[in-house]
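Please open the structure in your viewer and keep the sequence panel beside it.

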Amino acid sequence: MKTEVPGPRSRELMKELNGIQNAEAVHFFCNYEESRGNYLVDVDGNRMLDLYSQISSIPIGYSHPSLIKLLQQPQNLSTFVNRPALGILPPENFAEKLRESLLTNKERGRDSVTKEELETCMINQPPGCPDYSMLSFMGGFHGRTMGCLATTHSKAIHKLDIPSLDWPIAPFPKLKYPLDEFVKENEQEEARCLEEVEDLIVKYRKKKKMVAGIIVEPIQSEGGDNHASDDFFRKLRNIARKHGCGFLVDEVQTGGGCTGKFWAHEHWGLDDPADVLSFSKKMMTGGFFHKEEFRPNAPYRIFNTWLGDPSKNLLLAEVINVIRREDLLSNATHAGKVLLAGLLDLQNRYPHLISRARGRGTFCSFDNPNDAIRNKLIVLARNKGVVLGGSGDRSIRFRPTLVFRDHHAHLFLNIFSDILADFK
């Protein structure tokens, strides 16, 4: 570390950017050319262990040589220079590259529509625009567009001043830790939440706002790293099937291997998989998988200019190759155990500062007494060379890359132990 963070050059650039747009969310400016693996370098020359990885979106570390090699191959040049409108003018190798990366991409529809539906949808009225609803959970985060924002309930600032929809919101379990000491209490809490889900489905059916789908994160990420048991999600899936609701699993932040499985919902052991699975971040591109029955029968039902980016599929295919070649899912499991064990040790030593240490793979977190202490610890860690992120009201979350190893965990734990020992 050469300066405090943000350093003088970062502060200068913040002032410059703030003259163009609101830059109050900027932490510091980065030198990505010098950043490697798990280490992020800022414009003041500070080299930091990055446990936040661009809000969980860097899969295999900064400047990975396999991705740089991919970019340098002449046969890939056209893919990066010419971005096609994939819905109408895809390149010759598009289907082949999808099979190598995303494997499938399907959408929803039905067989026929009526003249009345075609006319009423143009004026935002039923039956063309049916009064369906989506059930979501308090604490969830699913995006910023109007429909997604109606299912988002993590921070008020995300929703303030934006019109929304009358859709049902269920409570998400608030588990007590350590889990093995509160088995009965947590079972009761999950049962309470599942009962509320069913009550809301019935309530909205009576209001003529049929619940068409249930959307849930395997771990509520922005809302405070809130976990529920595998059994909770299996029962939730059964409720969706029982009431004819689509079951949507949002793996934008949990997908890509950080929990020790490529998809976090694989831990649930579902007999009947999700109807729709959304992804982004570590997957290098955003999109969704779905069952065949959700595929539309007509063009333009789900459409935009680009419908993705073939260059991102090239990168994703190579990311998947690296994950398999270096066995990075097993690494996430092992490094996560080292990290969580260390967090539990720190919790035992500093219970006045750390509580509810929890995690799956490297997708770990803990709570602080309040947001002021949480924010101060994040700043102290940054100035000691470690980048952390907050979530919810008072949690610190870990979102390292898949190349985060045991020794990186030990390095962090040693630094953070000193910070906690000196904290005032």
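## A strand and its partners

Begin by selecting Ser133 and then Val211, which is the bridge partner of Ser133 in strand E5; strands (E, at least two residues) and helices (H or I, at least four) are DSSP runs, numbered from the N terminus. The model is predicted, so local features need pLDDT of at least 70 and side-chain atom pairs count only at pLDDT 80 or more, while totals for chains, interfaces and linings use all residues. Residues are numbered from 1 along each chain as its sequence is written, and side-chain values use heavy atoms, with hydrogens and water left out.

Now select strand E3 (residues 133-137) together with E5: the two run parallel and are joined by 3 bridges, where pairing requires that DSSP finds at least two bridges between two strands.

On the other pairing, E5 and strand E6 (residues 246-250) are parallel over 4 bridges, and Val216 has Val249 as its bridge partner in E6. Between E5 and E6 the chain passes through helix H10 (residues 230-242), in a right-handed β-α-β crossover; with the strands pointing away from you, the path from the first strand over the helix to the second runs clockwise.

Is strand E5 enclosed or open? Of the 6 residues of E5 (residues 211-216), 5 are buried, so this strand is largely enclosed by the rest of the structure; buried means under 20% relative accessible area, exposed over 50%, and partly exposed in between (1.4 Å probe, protein chains only).

## A loop residue

Finally, select Asn46, in the loop between strand E1 (39-41) and strand E2 (47-50). Asn46 counts as buried because its relative accessibility is 0%.
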